[in-house]
Amino acid sequence: MRNIVLLTGSSHPQLAQRISDSLGVELSSCKLGKFSNQETSVEIKDSVREKHVYIIQSGCGRVNDNLVELLILIQACRMGSARRVTVVTPLFPYSRQSERSQKKRLPQNQIGSEIMNSLLQTSDSSPTLPQGSFAQSFMGMGAAESGYRQWCARAGTLVANLLQAAGADHLIAMDLHDPQYQGFFQIPVDLIYAEPSIIQWIRSEIPNWRQAVVVSPDAGGAKRATSICNKLNLDFALIHKEDRANTKESMGLVGEVEGRPAIILDDMIDSGSTIGLASEILKRHGASDIYVIAVHGVFSGPALEIINRSPITAVACTNTVPQEEFRSQCAKLRTIDIAPMLAEIIRRTFYGESVTQLFVHDEQL
């Protein structure tokens with residue numbers, strides 16, 4: 001591949017190297033660091049003049065530093081007369097900060113204490129589900145209305161504007177937590193999905209997967225779960241949340257999982273609270289094994305401790321976020337490699353080929 005340059009930021013150099021190996025294109029030399037006053041320093045060693053530059057930077061780790069580093073990398077390529085700059089963000093930074101999702105997020109210590117107390121219950125009778133603030137938030141409930149509607153900034157739209165202002169010509173992102181952010185870009189956006197890799201992992205790693213039930217932990221993820229159900233011809237179940245007259249919280253399962261493997265599908269695991277509650281419910285309803293599959297494994301706060309103490313059999317996440325450190329702390333974690341897919345998408349966009357064809361499911365498989 002001629003006239004292509006691959007650059008990587010500091011967030012996930014291992015993924016960038018795997019993409020480079022799959023493409024057969026070497027990563028260009030780039031010196032990244034900080035000055036003594038903690039300002040970000042970027043120096044591209046190779047010429048990018050009249051080249052198509054792909055910058056690989058995931059929104060994980062030190063998110064704010066990595067975002068600023070990405071903006072400076074884009075600007076440096078522009079100043080170096082790059083013909084085209086494509087930003088590859090497997091995990092798009094700040095995509096979770098929509099108004100609704102921010103209202104549902106609580107401090108990590110509050111989430112961890114509620115879920116851990118539930119997981120540690122050992123009563124012979126079926127324990128009640130967590131009744132604290134997280135349980136209410138999980139079911140779309142909040143504190144008593146005070147007459148004032150809290151307003152939250154939507155930082156993802158700001159990030160979209162910053163990327164365009166810095167000089168990006170094209171964006172490649174995987175499984176946006178809030179897909180509406182795609183509409184705030186005036187440049188082409190290729191929104192790609194980990195679904196083909198997830199389907200392949202289910203077929204190869206889950207015994208008796210044909211008898212499994214795919215479970216969405218909330219109504220928002222039902223579309224993602226039913227898409228995989230239809231492709232694999234599996235049954236579907238849903239964790240249902242109710243508000244009974246704003247006085248009693250309840251969570252129930254819609255579907256049958258008794259004696260069958262259950263596969264919880266979500267787009268992101270952050271604090272681990274959602275999958276902790278969902279795994280409890282599935283175990284009480286008689287699921288034989290519980291697998292969790294997510295696209296982005298952030299694992300912040302008490303997430304790994306919740307997973308270790310939960311009845312979950314295994315948790316599989318793609319490597320949009322570095323997983324090595326997490327796997328050393330939790331034996332249940334598995335990694336789905338999406339580097340070959342990203343490499344193929346880069347190749348197709350470079351040559352002007354269709355990206356959609358990658359996500360056409362072959363029913364004969």
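Visitor: Why is Thr-157 called buried?

Guide: Buried means under 20% relative accessible area, exposed over 50%, and partly exposed in between, with a 1.4 Å probe and protein chains only. Thr-157 has a relative accessible area of 17%, so Thr-157 is buried. The residue lies in helix α6. The model is predicted: local features need pLDDT of at least 70, side-chain atom pairs count only at pLDDT 80 or more, and totals for chains, interfaces and linings use all residues. Residues are numbered from 1 along each chain as its sequence is written, and side-chain values use heavy atoms, with hydrogens and water left out.

Visitor: Which residues does Thr-157 touch?

Guide: Contact means heavy atoms within 4.5 Å. Not counting residues up to four places away in sequence, Thr-157 touches Tyr-181 and Phe-184.

Visitor: Which residues of α2 are buried, and what covers them?

Guide: They are Asn-66, Leu-67, Glu-69, Leu-70, Leu-71, Leu-73, Ile-74 and Cys-77. The cover includes β1, β2, β3, β4, β5 and α6.

Visitor: What makes β4 and β5 a pair?

Guide: Two strands pair if DSSP finds at least two bridges between them. Here 5 bridges join β4 to β5, which run parallel. His-52 has Arg-84 in β5 as its bridge partner. Both strands belong to an open sheet of 5 strands in the order β1-β4-β5-β6-β7, with parallel pairing. β1 and β7 are called edge strands as each pairs on one side only.

Visitor: How does helix α1 run relative to β1?

Guide: Axes are lines fitted to C-alpha atoms, for helices over the stretch in contact, and angles run from 0 to 180 degrees between N-to-C directions. Helix α1 lies across β1 and β4, and runs at about 160 degrees to β1.

Visitor: How are β2 and β3 joined?

Guide: They pair in the antiparallel sense over 5 bridges, and Gly-33 has Ser-41 in β3 as its partner. The two strands form a hairpin with 5 residues between them, and Gln-38 in the turn has a positive phi of about 75 degrees.

Visitor: What is the largest nonpolar core?

Guide: A nonpolar core is a set of buried Ala, Val, Leu, Ile, Met, Phe, Trp, Tyr and Cys residues joined through side-chain atoms within 4.5 Å. The largest has 44 residues, and Ile-202 is one of those with the most contacts inside it. Helix α12 gives the largest share of this core, 7 residues. Apart from it lies another core of 33 residues, including Ile-269 and Phe-326.

Definitions and conventions. Helix = DSSP H or I, 4+ residues; strand = E, 2+ residues; numbered from the N terminus.
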